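Thanks for coming, everyone. I'd like to walk you through one structure today, so please have a look at it with me.

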Amino acid sequence: MSSFATERHRRSFALLLAALWFISPTPAFAHASDRGHVLLLPTGYYLAGGAFAVAVSFLVLALLSADSLERFWCRRLPLFTFGDTPRTVTSLISFAGFAILITAGLFGSRDPLSNPLPLVIWTLLWAGVALLQGVFGDLWSWLNPWYGPWRLVSRLLGGDDVGRWRLPRWLGYWPAVILFVAFAWFELIDPAPDDPARLAWIVGLYWLFSFLAMLAFGYRAWSRGGEFLTVFFSLVARFAIVERNEAGRLALCWPGAKLLAAEPLPTSGIAFLLLALSSVSFDGLSKTFFWLGLFGINPLEFPGRTAVIGSGTLGLVLTFVLLAAVFLLAVWLGQRLAGSDQTLGQAAGLLVWSIVPIALAYHVAHYLTALLVDSQYALAALSDPFAQGWNLFGTADMRIEAGIVAGADSAWWLWNVQAGTIISGHVLAVLVAHGFAWRLHPQPSLAALSQFPITLLMIAYTVFGLWLLATPTVG
C-alpha cells in the first residue's frame, strides 16, 4: 500500500474518532412522560453532534477505497448449522399461545395493563420482536402463528406451497402496504387500540384472513408480499448480525452487511419501507405540542384521541407523502449529479434499503420506554391471563419498576440511549447507501457525488428525530 493511501486511511480514522468523541454522552436533565422525555435543557449540542456524525461518516466513506469497503462487508464468522425441523413445532406452540391470548382478550380483564393481549401485541410483539429481529435475524419465521397450522392443514388437504391460485407479479408488496396502512391507522389514530375485547376481534379476524390467503395463494407467496408483519420483520432481519444460508449454516456478520446483497425493491417495496419509517415518525410527531398547536388544541388539556381522528389521519398520510417525495427527490438529484443513466426506480429500489437501519433505530428509540415498563406488566399479566387469581409463572405479584424511566438519572441514560440509537442508525444508513452507490456508480468520484443529496436528507432526518425525542409531548 502506498504512503498516500496509508495517510488517507489515517485521516479517515481520525475523522471517525473525532465524530465519536463529539457525540459522546453528556449530562442531561429531564422529566418523564408516558412514552418519552421532555428535556428541559438546550439540546442543540445533541442535534449538532448527530448531524456532524452523519456528515463525517459520509466524508470518511468518500476517502475509503471500494476494495476496503468490500472486504469489510464480506467478513463472516462461521458458527453452526441449524435445521428447519423444529419450525413447525415452534409455530404451533406460538399459535396455541395466540389462541389463549385471544380468549383472554375476550373474557379476561378489561384493564389494558392487566390483560395480556394488548401488552403482548403492542409491547412484546411490535416493539420487542422487531428489536430481536434487528439483532439476531429472522426469528419471526419460527415464531409466527401461521406456519405450523398452515403446514398441517395444507397436508390434510393434499396441497403444497404453491396454493390454488397465484398472485399476479405486479401486485408485489401492495397487499402488505394496504394492510400496514390499516394497522398504522388502528395503532395511531383509532380511539381505543388497547381495548382487549376489540383488539381480540381485530387480531383474530386478521389471523383468519391471512391464514385463508396462505391456503389460497401459498404460504411463501402471501407471507412475502401480503402479510405485513412477516414482510416488515423480514426486512428488519436483513440488518441483523446473524446470517443463515440456504443450508442452515449460521454466521456472524457486520450490521447491515446482508442489506448490500439485496436486489432492488419494486415501487411497492419502496412504499412499504418508507411507510414503516413515516408511521413511527408521525407517532412521535402527533404527540408534540407543536403538532397539536397547528390544530388549535391545548396540549395541557388534551381532549382525547377521538377529537383528533381527522387531523391524525391527515397527518399520517402527509408524513408518508412528504417523506416519499423528499426521498425520491434526493435520489433523483444524486443521479443527475452523477450523470447516471440508471432509471429512478432502479436507483430508488436499491437506495431505499438504507432506510432499514433508520427505521429500526426509530422503532427502538420510540418504543424503548414502553418496552422497559410495559414488558413488566406483560410478565405479570401472563401469569394470570383471565384475572382469576392465578400465578402460573410466579410473576403475577411482581413489583412493577416504573421508576426505571422516571427521574433525572433515568432520563439521562434513557435519552442518551435513544439519541445514540438514532444517530447510529443514520450513520449505518450512510454506510449502506454508500455501498449501493458503488453498485450504481463504479467510479469513486461519481459514487460520492451521487450520495450528497441522500446524506443531506439523512442529516435533516437525524435532527428531526432528535428533536422529536426532546420536544414536549402529551402523555
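When I say contact, I mean heavy atoms within 4.5 Å. With that in mind, take phenylalanine 272: leaving aside its neighbours within four places in sequence, it is in contact with Ala176, Val177, Phe180, Phe228, Val231, Phe232 and Leu235.

A word on the ground rules. This is a predicted model, where local features need pLDDT of at least 70 and side-chain atom pairs count only at pLDDT 80 or more, while totals for chains, interfaces and linings use all residues. Residues are numbered from 1 along each chain as its sequence is written, and side-chain values use heavy atoms, with hydrogens and water left out.

Back to the inside. Buried means under 20% relative accessible area, exposed means over 50%, and partly exposed is in between, using a 1.4 Å probe and protein chains only. A nonpolar core is a set of buried Ala, Val, Leu, Ile, Met, Phe, Trp, Tyr and Cys residues joined through side-chain atoms within 4.5 Å. The largest one has 92 residues, and the members touching the most others are Phe180, Phe228, Phe232, Phe272, Phe327 and Trp353. There is also a second, separate core of 12 residues, including Leu285, Ile297, Leu468 and Val474.

Now some helices. Helices here are DSSP runs of H or I with at least four residues, strands are E runs of at least two, and both are numbered from the N terminus. Helix α7, residues 147-156, has Tyr147, Gly148, Pro149, Trp150 and Ser154 as its buried residues. What covers them? Among others, α4 (87-107), α9 (196-217) and α10 (219-225). Threonine 88, in helix α4, gives us a close-up: beyond its neighbours within four places in sequence, it is in contact with Tyr147, Gly148 and Arg151. Threonine 88 counts as buried because its relative accessible area is 16%. After α7 comes glycine 158, with a positive phi near 75°.

Another threonine to find is threonine 230, in helix α11 (residues 228-237). Is threonine 230 buried or exposed? It is buried, because its relative accessibility is 13%.

Over to strand β3, where leucine 77 sits. Leucine 77 and leucine 252 are 175 residues apart in sequence, yet their C-alpha atoms are 4.9 Å apart in space. Not counting residues up to four places away in sequence, leucine 77 touches Ala251 and Leu252.

One last stop: the loop between α16 (355-383) and α17 (408-440), where you'll find alanine 387. Most residues other than glycine have a negative phi. Alanine 387 is not a glycine, but its phi is positive, about 55°. Alanine 387 counts as partly exposed because its relative accessible area is 44%.

That's my tour, and I'm happy to take questions.
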